[in-house]
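Here are my notes for when you sit down with the model. Have the viewer open while you read.

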Amino acid sequence: MQRFFHAGNMESALQNSTTFVPTECTLKVVESQEYEEFRDLARLVVQRYCIPIIATIGVVVNALSMAVLTRKQMSSSTNCYLAALAFFDLLYLIFNFSMSLMHQPGVMDSTVYIDYIPWGFPLSDLCSNTSVWLVVSFTVERCIAVCYPLKGKQMCTVKRAKVVIACVFAVALACCLPTFFEWSTGWISDGCETVYEMYPSALQKNITYKNIYFWFTALMFSLIPIVLLIIFNSILVKSVRESQKQRRKMTYNRRNVDHHQQHTELRITVMLIVVVVLFLLFQLPTAVLLIWSTNIIGKKANLNLLIGLNNVGNLLMATNATSNFFLYCFLSEKFRRTFLKIVCPCFSYINSITTCTPSIYSASKLIVPNNGRPTSSCSQVVVIGNTPRSTPRSSPSRSPQLVPKKNYLALRDLSKSNGK
């Protein structure tokens, strides 16, 4: 979804192709000297300064997101989608950063870099388009899990999520494949000097292809996903409101485990709603540029203004690809705790110490091993109803038994005498 200027590369075409003719372009634009300062300022600030900084941060945080979401304790179909989204966002930022280098002094003097440009833009678009449909995929999956809980347990599995991710990538690759053949590179002479640059191929010069492919990609990776996300996200918001009303009516009864599970599922749904809303906010400006640039509203767009706003749109999408990690940390306690365990192993040790207790008392019972001696080993405490139970981390040779509290003093005296 990076592109809405003919496969996303209109600005690159204008900068690097001496044979590009705006009047033959799919877009309805007007060339003039107006807005040149805005275009140059946007290009300077966004491409030379903002994109490198945001891409660097984004690569780091997306790598951390993948490290957290692929942990065994984080295994779920939703986290599988989010891990894939982090992976493609990371690649998108890398390719986006590599494309921004053309605005750095001296970079375009390298023939190696010029040869890379016809590949860099399609790869960036491929990652961006895959991310778009991954967001749609996990939104649809969440709707199924919330609206049809019984079917959701069967359909929303990790294995099925991996299949969907592979299919999304395959379709995005097939859709982006033609863009790898739109541009060529080579030595071109204008009569005075010979320069090495990129130029449009015969496929890119085909007006029919450009019109069909432009509208196909605009619908496939912009308008349709946005409409679907608005619809399914509205369903999720409605389900969250109904769930909150039900929770207000519920009393805290013996089904604490079910209550906790419902609360966890609700938090996951809220987190995904926020992710989708943020995604829409960052993507909608580019969709508006698309509508404006195609002369749908009956007024031709100024080319310099369009290029400047396109830079701003790319900055918003790069920011969106960087922001998900911070949303996960803020909205998901499980993600936050797992992240802390990775970056700070001592946190995992401290957390395990907090669960190390001596014998666990309940209102009328004490859990002790079969030999009658209280244990001081590290245990995990699980509360079921009003009775705490302790499960040793290690696998003991004999399971613990429940001993009435009134007999504990006799057992303790007997153990002391045996010890002597």
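1. On the contact side, α3 brings L82, L85, D89, Y92, L93 and N96, while α10 brings N314, M317, A318, A321, T322, N324 and Y328; contact here means heavy atoms within 4.5 Å. Helix α3 covers residues 77-100 and helix α10 residues 303-331, and the two pack at an angle of about 145 degrees with their axes 10 Å apart. The axes are lines fitted to C-alpha atoms, for helices over the stretch in contact, and angles run from 0 to 180 degrees between N-to-C directions.

2. A word on what you are looking at: this is a predicted model, where local features need pLDDT of at least 70 and side-chain atom pairs count only at pLDDT 80 or more, while totals for chains, interfaces and linings use all residues. Residues are numbered from 1 along each chain as its sequence is written, and side-chain values use heavy atoms, with hydrogens and water left out.

3. Now the overall picture. The protein chain has 13 helices and eight strands, taken as DSSP runs (H or I, at least four residues, for helices; E, at least two, for strands) and numbered from the N terminus. Of its 420 residues, 43% are buried, that is, under 20% relative accessible area, with exposed being over 50% and partly exposed in between (1.4 Å probe, protein chains only). The accessible surface of the chain is about 22500 Å², and carbon and sulfur atoms account for 62% of that; the method is Shrake-Rupley with a 1.4 Å probe, and for residues only the protein chains shown count as cover. If you take the contacts between residues at least 6 apart in sequence, 74% of them join residues at least 24 apart.

4. D40 is partly exposed at 37% relative accessible area, whereas R39 counts as buried at 17%.

5. Have a look at E141 in helix α4, which covers residues 111-147. E141 is buried but has no salt bridge, and the nearest side chain of opposite charge is R142, 5.4 Å away. For charges, Lys and Arg count as positive and Asp and Glu as negative, with His and the chain ends not counted. Leaving aside residues up to four places away in sequence, E141 touches S77, T78, Y81 and C156.

6. Helix α4 also holds P118, which is buried at 8% relative accessible area. Which residues does P118 touch, not counting those up to four places away in sequence? They are T179, F180, W183 and T185. P118 and F180 are 62 residues apart along the chain, yet their C-alpha atoms are separated by 6.5 Å.

7. F181 sits in the loop between α6 (158-176) and β2 (183-189). Its relative accessible area is 55%, so F181 is exposed. F181 is 63 residues from P118 in sequence and 7.9 Å from it in space, C-alpha to C-alpha. Beyond residues up to four places away in sequence, F181 touches S201 and L203.

8. Two more spots to check. M198 is in strand β3 (residues 194-200) and is buried, with 3% relative accessible area; M198 and T185 are 13 residues apart in sequence and 4.1 Å apart, C-alpha to C-alpha. Y49 is in helix α2 (residues 36-69) and counts as partly exposed at 46% relative accessibility. Between Y49 and Q104 there are 9.8 Å in space, C-alpha to C-alpha, with the two residues 55 apart in sequence.

Terms used:
A salt bridge is a side-chain nitrogen of Lys or Arg within 4 Å of a carboxyl oxygen of Asp or Glu.
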